[in-house]
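Reader: Could you walk me through this model, one question at a time?
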Amino acid sequence: MKNKEMIDIDMLGQVCPACLLVALKVINEHRERLKKGEVEIVVRTDHRDATRTIPQSAEAMGYRVVVEKVKTCYEIRISS
Amino acid sequence: MQPQKEKELFKELEKLRELNQRYIHYIRQKVNQLLEVMGTQPLRPEELDDEILLEFDPIGVVAGAFHQILEHLRETVQELKMARDELHAIFNATGVGISIIDTNFRIIRCNEKQRQMLVSEPSEDIRGRFCYEVYCYKDSPGLDCPAVETMATGKPVTLREVKKKDRFFQVVTTPLKASGEIRGVIEVLIDVTEKKKAEELMLRTEKLVSLGQMAAGIAHELNTPLGNILGYARLLEKDPSLSEKQAERVRIIAEQANRCSRIIKGLLDFARKPEYERVNAKCDLIEAINSALSLLKKEADKRQIEIIFENGELPSVRGHSREIEQVFVNIILNALQAIGRQGRVTIKGSVRENSAVVEISDTGPGIPKEIKDRVFDPFFTTKPPGEGTGLGLSISAGTMSRLGGGIEVENLKMGGAVFRLIFPLTGGSER
């Protein structure tokens with residue numbers, strides 16, 4: 001398997017609507033490569049609400065979403 | 001600039017600002033509406049100021065997200081439709097009958113196989129009708145009904161053997177649950193008639209084998225003393241000092257000992273193991289039947305019984321001619337004896353996919369139900385003592401099973417019995 005490009009979005013300190021909008025914007029921009037499995041988007045957030053809204057929307061778009069708690073924040077991994 | 005002009009411009013600017021505020025307010029309102037649809041809270045002005053709001057284009061972002069969501073939905077619907085079509089095809093193509101029944105015992109759906117097996121009228125719409133009415137011809141669910149038990153306990157139930165429409169079925173009921181509650185029962189029906197027949201045949205074969213072994217043992221033991229009796233009787237017969245009456249009695253002894261020998265020979269034939277060359281030989285069925293008929297012609301004429309033979313272009317089969325001919329003699333003779341006097345024996349040949357079938361039917365009284373299972377047992381006979389040994393049919397059954405074929409018997413609706421001899425065809429699938 002070839003190496004995937006990782007796109008990191010650092011949303012630490014930001015609350016939900018903005019987190020979601022930024023995540024959606026990045027997903028929209030990379031939709032073709034995301035679908036092909038060439039990239040994976042990692043959203044780092046410390047806002048709990050975002051761990052619900054971002055996976056919900058991304059799953060509705062048909063992506064695979066994994067949420068992990070890492071030390072002081074959450075990592076939301078979005079891939080095809 | 002003139003003060004008047006400046007004042008007008010300021011006024012104009014104020015108006016534009018107001019208009020701008022209204023547009024921004026409208027955009028924020030719509031963005032919040034969209035965010036609510038996405039399941040999140042409204043944007044606070046301090047999160048994105050007016051300038052960044054426009055630059056960030058939240059409506060465009062959400063529209064893009066919606067576009068992807070719709071696309072994914074379309075794909076999902078397409079996949080679901082395909083899965084539904086596949087499921088429907090499998091539902092109807094499977095070899096078992098499947099019905100889905102609701103908690104009121106109404107049929108929600110059933111597949112084609114179930115229809116073929118249990119519904120008399122193929123075109124009849126049975127959806128919404130009571131299962132006990134359509135499948136069991138009752139006006140309420142029976143006490144032994146597995147669906148009743150599954151609905152009460154929520155556990156699957158298997159009934160090993162249920163007889164419906166002269167066939168045997170295995171019935172399995174499994175609960176259909178939705179969010180933990182029983183919504184109905186899935187009933188699966190498997191036709192086990194052929195399996196049951198095969199099991200019965202195996203049982204009969206096993207019985208025949210063990211009886212055969214026993215018979216062979218006894219026959220062997222008896223042969224020597226019997227030979228001595230016969231030998232000494234023949235010797236004594238020639239003794240000139242015997243009176244005529246005594247000589248007659250000795251002849252009877254010899255005759256009877258001879259008869260015993262024949263019975264024993266029959267027993268040994270019955271118990272004989274297959275020989276390789278015998279199995280590899282070929283036999284023309286039409287020839288074998290014709291030669292059996294020529295042997296029996298006298299007997300049939302004496303009894304005024306007509307024999308009809310429709311050969312159905314029977315082919316050659318694997319097996320030794322003399323043995324197969326003997327099977328035909330046994331079965332046809334049995335038919336003649338069953339009729340007694342005046343009647344008809346019909347021999348009908350046909351070729352199926354992997355077998356040649358010869359049906360021998362008579363116009364006799366048929367076989368009483370209580371002895372139907374025993375007609376192939378050795379020494380079982382309904383004839384008066386001295387007329388039959390009770391070995392004919394069991395020897396025939398033994399021969400047929402050695403050839404890899406079979407023998408079946410049933411009563412005809414219009415009276416009489418039919419024996420069906422099934423010969424496997426060489427080149428066909430061999431078991």
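Reader: Leaving aside neighbours within four places in sequence, which residues is A:Glu40 in contact with?
Author: Happy to start there; this is a predicted model, where local features need pLDDT of at least 70, side-chain atom pairs count only at pLDDT 80 or more, and totals for chains, interfaces and linings use all residues. Residues are numbered from 1 along each chain as its sequence is written, chains are lettered from A and ligands numbered from 1 in the order in which they are written, and side-chain values use heavy atoms, with hydrogens and water left out. A:Glu40 is found in strand E2 (residues 39–45) of chain A, strands being DSSP runs (E, at least two residues) numbered from the N terminus. With contact meaning heavy atoms within 4.5 Å, the partners are A:Lys4, A:Glu5, A:Met6, A:Ile7, A:Arg77, A:Ile78 and A:Ser79.

Reader: Is A:Glu40 buried or exposed?
Author: Buried means under 20% relative accessible area, exposed over 50%, and partly exposed in between (1.4 Å probe, protein chains only). Because its relative accessibility is 12%, A:Glu40 counts as buried.

Reader: Which side chain does the side chain of A:Glu40 make a polar contact with?
Author: A polar contact is a pair of N or O atoms within 3.5 Å; within protein, one must be able to donate a hydrogen and the other to accept it, and residues adjacent in sequence count only if both atoms are side-chain atoms. For A:Glu40 the distance is 3.1 Å, and the partner is the side chain of A:Arg77.

Reader: What is the area buried between chain B and chain A?
Author: The contact takes 21 residues from chain B and 23 residues from chain A. Buried area is the accessible area (1.4 Å probe) that two parts lose on being put together, summed over both. Carbon and sulfur atoms give 58% of a total of about 1,800 Å².

Reader: Which side chains meet in a salt bridge at 3.0 Å, N to O?
Author: The rule asks for a side-chain nitrogen of Lys or Arg within 4 Å of a carboxyl oxygen of Asp or Glu, and it finds 2 salt bridges across this interface. One of them joins A:Arg31 and B:Glu71.

Methods:
Helix = DSSP H or I, 4+ residues; strand = E, 2+ residues; numbered from the N terminus.
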